[in-house]
Amino acid sequence: MREVIIIGSGPAGYTAGIYTARAGLNPLLIASSVEAGGELMKTTEVENYPGFPTGLQGPELMDAFRAQAERFGTEVLLDDVIEVDLSGTVKIVKTGGGQTFEAKTVILATGAAYRELGLPKEKELSGHGVSWCATCDGFFFREKTIAVIGGGDSAMEEANFLTRFASKVYLIHRRDTFKASKIMQERALANPKIEVIWNTEVAELLGDGKLSGIVTRNTVDGTTAQLDLDGLFIAVGNDPRVWLVENQVELTAEKFIKVDGRSSKTSLPGVFACGDVIDPTYRQAITAAGSGCVAALDAEHYLASVK
Ligand code: NAP
């Protein structure tokens, strides 16, 4: 039986790996088969992670996290957890690859997943003009006209990044002010290839088999218009990934995993949670990493107490 299994491989998961490995707990970190490294694998320049004054690429940062976790003995498994039973003192974790593991503690660091607009055709056109990842798909839109939906940091970042490829980027936001940080807003507003369309939401996706445009709706007066597009990037935030455990641990009203105060303790003994899956507010790489450290220390104390 394992002392610790960590589920998730973003900054929270890997930090929990570094700390529990250094504590001699030989953690198994189940990183996902296709999404190992988490959201930062889909981002470009990370400028605000302390310790890197000139910035670095998101995937580069996650490679460093992983290398540091492995250096102390974290075992990283590139597989997906498909089922858990966390209720007993022995926690059961099953993977898509057909393995079943047992552990005394589990650290949930499953992060958050991209939010959809909830429109008809959204799934059908995903990968056919509709995307959630500029770094993955931007290259396909060289000299094309595209739109980014959203008003947060992700939308600003995606819109700026996409101007490397696209000839024109509409940045469509449902209100008349952005939610994004000032520096990110200023960069987007100063970019000559970006045109902001304020007070506007997407009413309909157009195209059969491939996106050809959208119908927009003005959120103030309700008027609609058609906008021809080659691509649409949706950056309207994300939701905590809780499906694996939602019937086992207590959630908050906003459907994040509920933890006890400033700790990582969930409603089940021996089960800890950290990173974006518990955080409705800050959701930064550095806060996720800090929270992974908290979970590792809590797991360590729990193991010492049950020995
Ligand atoms: P976010 O901050 O939650 O912003 C989501 C944006 O999408 C908001 O402007 C929101 O509008 C809009 N929105 C939500 N649902 C919508 C819908 N159904 N239709 C149209 N618009 C919708 O999400 P995020 O930008 O992904 O950022 C998530 C977190 O990561 C934040 O804490 C952010 O600071 C962080 N982040 C940081 C960086 C960086 O520092 N370099 C980069 C990316 C992300 P309203 O404004 O009206 O609510």
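The buried residues of helix H1 pack against strand S1 (2–7), strand S2 (28–30), helix H2 (58–71), strand S5 (75–77), strand S8 (100–108) and helix H7 (285–306). Here, buried means under 20% relative accessible area, with exposed over 50% and partly exposed in between (1.4 Å probe, protein chains only). Helices (H or I, at least four residues) and strands (E, at least two) are DSSP runs, numbered from the N terminus.

A quick word on the source: this is a predicted model, where local features need pLDDT of at least 70 and side-chain atom pairs count only at pLDDT 80 or more, while totals for chains, interfaces and linings use all residues. Residues are numbered from 1 along each chain as its sequence is written, and side-chain values use heavy atoms, leaving out hydrogens and water.

Back to H1, which covers residues 11–22. Since 10 of its 12 residues are buried, H1 is largely enclosed by the rest of the structure. Among the buried ones are Pro11, Tyr14 and Ile18.

Now for the cores, meaning sets of buried Ala, Val, Leu, Ile, Met, Phe, Trp, Tyr and Cys residues joined through side-chain atoms within 4.5 Å.

| Nonpolar core | Size | Some members |
|---|---|---|
| Largest | 29 residues | Tyr14, Leu61, Phe65, Ile107 |
| Second, separate | 24 residues | Leu244, Val245, Ile257, Leu268 |

In the largest core, Tyr14, Leu61, Phe65 and Ile107 have the most contacts inside it. S1, H1, H2 and H7 each give two or more residues to this core, and H7 gives the most, with seven residues.

Note on methods. Expected span 1.5 Å × (residues − 1). Contact = heavy atoms within 4.5 Å.
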